[in-house]
Amino acid sequence: MAIIKPRIKLPKTAKAGEIVTVKTLINHKMESGQHRNQDTGERIPRMIIHTFEASFNGKEVVTFNLEGSVSENPYFLFFLKVEEAGELMCKWIDDEGSVFEGSKSIAIA
Amino acid sequence: MGITRRSALALGGAGIISVSAFPLGSAFAMTTEAQAFIDEFTGGADVVEGGVTLTAPELAENGGSVPISVLADGAKSILIIAEGNPAPKIITFNFGELSGKSEASTRIRLAKSQDLMAIAKMADGSFKSGIFSIEVTVGGCG
């Protein structure tokens, strides 16, 4: 399998109390479980990222529960309210139990 | 290249579909499978129409990757349902204490032209919904 590389984009700095945009992208096949093998006719088992979690200094930002109809290489855009400087932690969990993590810090300007 | 008979037919066909698809909201009935997911999410509570903004392109050329965006002020979580997909439940967005606003975007797969529905669970425990009618040129559920 290709190397899975999570990407997180958010501003480097923000004012206290500001709401900033966060964008994330991860490469993952997101095999929906709807396809069949063209030669054998066997159903290809589902292999998707089923949970995405984002937290900031240990507090929950968002949690997304994904199903097979989310496109491959899942992209998300959401918002973060910045009260203090800290680190945004993002976590992707797939059906094989693999956990992919990434983080990005933000400072108060 | 001029307009061939084939492309003219395709254009005409698309025109008819888009016209017939636009008086939406009036006769909106969910398939039983989609309704089951909605009931599971709401616990059978009443869902009020409006208060949820669901945005997507009106015409999606590639059903394998359709950008969608949903906004519901004050929502704790939002469920996205595509009744025309073999698996109608798409994603649930849950907003935590630092989410700033209850808005999120992602990209989804759609099998065919259909109505997308977003159901939002508000902080006070009530439910609101929003509908978006979308036309898909090439289905993305293979």
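**Exercise 1. Follow the sheet from chain A into chain B.**

*Solution.* The partner of A:Thr21 is A:Phe79. Before going further, note that the model is predicted, that local features need pLDDT of at least 70 and side-chain atom pairs pLDDT 80 or more, whereas totals for chains, interfaces and linings use all residues. Residues are numbered from 1 along each chain as its sequence is written, chains are lettered from A in the order in which they are written, and side-chain values use heavy atoms, with hydrogens and water left out.

Step 1 places this pair in its strands: β3(A) and β6(A) are antiparallel and share 8 bridges. Strands here are DSSP runs of E with at least two residues, numbered from the N terminus, and two of them pair if DSSP finds at least two bridges between them.

Step 3 gives the whole order, β1(A)-β3(A)-β6(A)-β7(B)-β4(B)-β2(B), an open sheet of 6 strands with antiparallel pairing. The edges are β1 (7-9) of chain A and β2 (53-55) of chain B, and because each has a single partner strand, one side of each is left without a neighbour in the sheet. On average, neighbouring strands of this sheet are turned by 20° against each other, direction ignored, the axes being lines fitted to C-alpha atoms, with angles between N-to-C directions running from 0 to 180 degrees.

**Exercise 2. Trace the pairing through β5(A).**

Which strands are joined to β5(A) by bridges?

*Solution.* Step 1 stays within chain A, where 6 bridges join β4 (residues 49-56) to β5(A) in antiparallel fashion, A:Ser55 having A:Glu60 as its bridge partner. The hairpin of these two strands has 2 residues between them, and in it A:Asn57 takes a positive phi near 50°.

Step 2 crosses to chain B, where β6 (residues 89-95) runs antiparallel to β5(A) and is joined to it by 5 bridges. A:Asn65 has B:Thr92 as its bridge partner, and A:Leu66 stands opposite B:Ile91.

**Exercise 3. Describe the interface of chain A and chain B.**

How many residues of each chain are in contact, and what area is buried between the chains?

*Solution.* Step 1 counts contacts (heavy atoms within 4.5 Å): 29 residues of chain A touch 28 residues of chain B.

Step 2 turns to buried area, the accessible area (1.4 Å probe) that two parts lose on being put together, summed over both. It comes to about 2,400 Å², 52% of it on carbon and sulfur atoms. A:Ser69, A:Ser71 and A:Phe79 supply 25% of the area that chain A buries against chain B, more than any other three residues.

Step 3 looks for a salt bridge (a side-chain nitrogen of Lys or Arg within 4 Å of a carboxyl oxygen of Asp or Glu). The rule finds 1 across this interface, and the side chains of B:Lys89 and A:Glu67 meet in a salt bridge at 3.9 Å, N to O.

Step 4 asks which strand gives the most to the side of chain A that touches chain B. That strand is β5(A), with 8 residues.

Key:
Helices (H or I, at least four residues) and strands (E, at least two) are DSSP runs, numbered from the N terminus.
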